[in-house]
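Biologist: Hi! Please walk me through this structure, one piece at a time.

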Amino acid sequence: PVSTRERGIAVIVLMIALIVFSSFLSSITHMMMQISSLRQEQTIRMRTLLGFLDDHSISLELSVRVKKFVESASIQSLQSERQVELLHILPKQMLMDLHYEARSPFLVGHRFFHQYQ
């Protein structure tokens, strides 16, 4: 910057860049704090469960089964239909078709329904 005008524009551009970068950094920090909070809540729940299993002298085999089930259920609950708010606006028949296609692989794989194929 040679002239006063160029210096002024350079200062304004730097200030705008500083504000934009600060906003970006703030939003990333906020998201990381939310993720940390969710993980902390999940860890507390899992510790409570493990404490219950230990306090009541539950066998190791059953404890492992319970822990695996809870972990898989928590993963599936993230993807559950209740989390997808837009499904509530679908027409009833379309929602029924969606349920059929989403759930039929589990039913077909079950040995009770295997004989009806």
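**A chat about the helices**

Modeller: Let's start with Leu53, whose place is in helix H1. Helices here are DSSP runs of H or I with at least four residues, strands are runs of E with at least two, and both are numbered from the N terminus. This is a predicted model: local features need pLDDT of at least 70, side-chain atom pairs count only at pLDDT 80 or more, and totals for chains, interfaces and linings use all residues. Residues are numbered from 1 along each chain as its sequence is written, and side-chain values use heavy atoms, with hydrogens and water left out.

Biologist: Is Leu53 buried or exposed?

Modeller: Leu53 counts as buried because its relative accessibility is 7%. Buried means under 20% relative accessible area, exposed means over 50%, and partly exposed is in between (1.4 Å probe, protein chains only).

Biologist: What does Leu53 touch?

Modeller: Not counting residues up to four places away in sequence, Leu53 touches Ile58, Ser63 and Val66. Contact means heavy atoms within 4.5 Å. Leu53 and Lys67 are 14 residues apart in sequence, and their C-alpha atoms are 9.7 Å apart in space.

Biologist: And Ser63, where does that one lie?

Modeller: Ser63 lies in helix H2. It is buried, since its relative accessible area is 14%. Leaving aside neighbours within four places in sequence, Ser63 is in contact with Leu53 and Ile58.

Biologist: Back to H1, please. How many residues has H1, and how far does it reach?

Modeller: H1 has 52 residues and reaches 75 Å from its first C-alpha to its last, close to the expected 76 Å. That expected span is 1.5 Å times one less than the number of residues.

Biologist: Which residues of H1 are buried?

Modeller: They are Met46, Leu49 and Leu53.

Biologist: What follows H1?

Modeller: Ser57 does, and it has a positive phi, near 50°. Ser57 sits in the loop between H1 and helix H2 (60–78). It is exposed, because its relative accessible area is 64%.

Biologist: New topic: which residues make the nonpolar surface patch?

Modeller: Phe21, Phe24, Leu25, Ile28, Met31, Met32 and Ile35 make a patch of about 690 Å². Patch residues have over 30% relative accessible area and no salt bridge; like charges are joined within 9 Å, nonpolar side chains (Val, Leu, Ile, Met, Phe, Trp, Tyr) within 5 Å. A salt bridge is a side-chain nitrogen of Lys or Arg within 4 Å of a carboxyl oxygen of Asp or Glu. One of the patch residues, Ile28, is found in helix H1. Ile28 is partly exposed, because its relative accessible area is 32%.

Biologist: Now zoom out. How many helices and strands are there?

Modeller: The protein chain has four helices and zero strands. Buried residues make up 6% of its 117 residues. Its accessible surface is about 11,000 Å², with 65% belonging to carbon and sulfur atoms; such areas come from the Shrake-Rupley method with a 1.4 Å probe, and for residues only the protein chains shown count as cover.

Biologist: Last one: what is the mean pLDDT?

Modeller: It is 81 for the protein chain, and 77% of the residues reach 70 or more. pLDDT is the predictor's confidence in each residue, from 0 to 100.
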